Amino acid sequence: MKDIVVIGAGKIGSTIARLLAHSGDYRVTVADRAEEQLAAIESHPAVSTAMVDIADGAALRTLLAGKFAVLSAAPYHLTVAIAEAAADAGVHYLDLTEDVESTRQVKRIAANAKTAFIPQCGLAPGFISIVANDLASRFDTLDSVRMRVGALPQYPSNALNYNLTWSTDGVINEYIEPCEAIVEGALIEVPALEEREEFSLDGVTYEAFNTSGGLGTLCESLKGKVRTLNYKTIRYPGHAAIMKALLNDLGLRHRREVLKDIFENALPTTTQDVVIIFVTVSGRKDGRLIQETYANKVYSAPIAGRLHSAIQITTAGSICAVLDMLADGTLRAKGFVRQEEIALTAFLANRFGHYYAQEQRGAHAA
């Protein structure tokens, strides 16, 4: 039994705790400053709770002392404080952040750490980079890597064609912050919500547009090796236009708390969602220009007797799989570990990574 701390008792944090506890191999302490969030955590012999404010560095370090790892499911702006505490306490660190600058700071903290620091362990960034790197490894030379991911309601019923399925702060951050991309071989930043495109999958039309953070560290890893590399978020058509009006015309990009309040009071959550993963890589193999694609849809499903949304399953499943591979020695146990260092076959073979397995979800690679 390994002792784990999960920071954040929201939708994803509670799911992580539940998956780890039901595995029988982890004791989990869920920490949050909100008493009502902690009270909602499912009772389990392997789960305990702790009311801790991340701003209280001493209390956080005391909580982490002697633990195997800390998993951050907290808002992105708390990432650095948790990583610093993990380094001081000598515990492994994993997070779900999509924030580019936070990850850069985690990398700096990891440089002198005695334990592993593995940021961006969710769906995108996270699993998407594992898939893209696996496809890219099959080519002699690369031309383009295009990554598309979306967490969508199965039954959209509002003008945004969207329901809240994960962190509101995270969604807003992705829609506002600059996006990394490689264009004609050069690493550049492009604006969020731009370069909209449409595509169809299984007879359904979607739109996709630039959002921040989904590439993780892949830009850095593939710089100089690929002509085009980009990441876009998938939504139903019409979503981007409304978001641009809210953020730009109404100025809500400068009033994030107002936008967050509007979203959380106007957009219902749902467990009836679908996660779409669509990665296309082209390049040369044996002198021929070819293309390979990974496409997968993951739906909400019951786990250990409780229904979980697709975004809960994919996000929590990813970080739990990475923790498992760290615990069994598959991954490096010291320094900064990138998602693209993780082998797709090992990830999918893991009991938590298996939630993505193609034979279960009807995915296909072509």
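Biologist: Where is Asp202 found?
Modeller: Asp202 is in the loop between strand 10 and strand 11. Keep in mind that this is a predicted model.

Biologist: What's phi doing there, at Asp202?
Modeller: Phi of Asp202 is positive, near 55 degrees, and the residue is not a glycine.

Biologist: And is Asp202 buried or exposed?
Modeller: Asp202 has 60% relative accessibility, so it counts as exposed.

Biologist: What about Ala304, which has a positive phi too?
Modeller: Ala304 has phi at about 50 degrees, again without being a glycine. Its loop runs between strand 15 (301–303) and strand 16 (306–308). Ala304 is at 45% relative accessibility, so this one counts as partly exposed.

Biologist: OK, how confident is the prediction, going by mean pLDDT?
Modeller: The mean pLDDT of the protein is 94, and 98% of its residues reach 70 or more.

Biologist: Where does pLDDT stay under 50?
Modeller: Over residues 359–366. The model has 22 contacts beyond four places in sequence for that stretch. Where pLDDT is low, though, the predicted coordinates should not be read in detail.

Biologist: Switching to helix 9, which residues are buried there?
Modeller: Helix 9 covers residues 239–249, and the buried ones are His239, Ala240, Met243, Leu246 and Leu247.

Biologist: Why do those end up on the same side of helix 9?
Modeller: They cover an arc of only 130 degrees around the axis, and that puts them on the same side of helix 9. As background, an α-helix has 3.6 residues a turn, so residues three or four places apart point the same way.

Biologist: What's on the other side of helix 9?
Modeller: Ala241 and Asp249, which are exposed.

Biologist: And what covers the buried residues of helix 9?
Modeller: The cover includes helix 7 (168–176), strand 11 (204–210), strand 12 (228–235) and helix 10 (256–266). After helix 9 comes Gly251, with a positive phi near 70 degrees.

Biologist: Now rings. How many aromatic pairs does the structure hold?
Modeller: Nine aromatic pairs. One of them is Phe127 with Tyr294: the ring centres are 6.1 Å apart and the planes sit at 65 degrees, so the pair is edge-to-face.

Biologist: Where do Phe127 and Tyr294 lie?
Modeller: Phe127 is in helix 6 (residues 127–136) and Tyr294 in strand 14 (residues 288–299), so the pair ties together parts that are 167 residues apart in sequence. Phe127 counts as buried because its relative accessibility is 0%. Tyr294 also counts as buried, at 2%.

Biologist: How are the rings of Phe199 and Phe278 arranged?
Modeller: Their centres are 5.2 Å apart and their planes at 5 degrees, so that pair is stacked. Phe199 belongs to strand 10 (residues 197–201) and Phe278 to strand 13 (residues 273–285), so parts 79 residues apart in sequence are tied together.

Biologist: Which residues form an aromatic cluster?
Modeller: Phe127, Tyr294, Phe347 and Tyr356 form one.

Biologist: Which ring does the charged end of Lys2 sit over?
Modeller: The ring of Phe68, 5.2 Å from its centre. Lys285 lies over the face of Phe139, at 5.6 Å from the ring centre.

Biologist: Last one: which residues does the cis peptide bond join?
Modeller: Ala124 and Pro125, with omega at about 5 degrees. Pro125 sits in the loop between strand 6 (116–118) and helix 6.

Note on methods: Residues numbered from 1 in each chain as written. Predicted model: local features only at pLDDT ≥ 70, side-chain atom pairs only at ≥ 80, totals over all residues. Heavy atoms only, no water. pLDDT = per-residue confidence, 0-100. Contact = heavy atoms within 4.5 Å. Buried < 20%, exposed > 50% of the residue type's maximum accessible area, 1.4 Å probe, protein only. Helix = DSSP H or I, 4+ residues; strand = E, 2+ residues; numbered from the N terminus. Arc of directions from axis to C-beta. Phe/Tyr/Trp six-rings, centres within 6.5 Å; stacked < 30°, edge-to-face > 60°. Lys NZ or Arg CZ within 6 Å of the ring centre and 35° of its normal.
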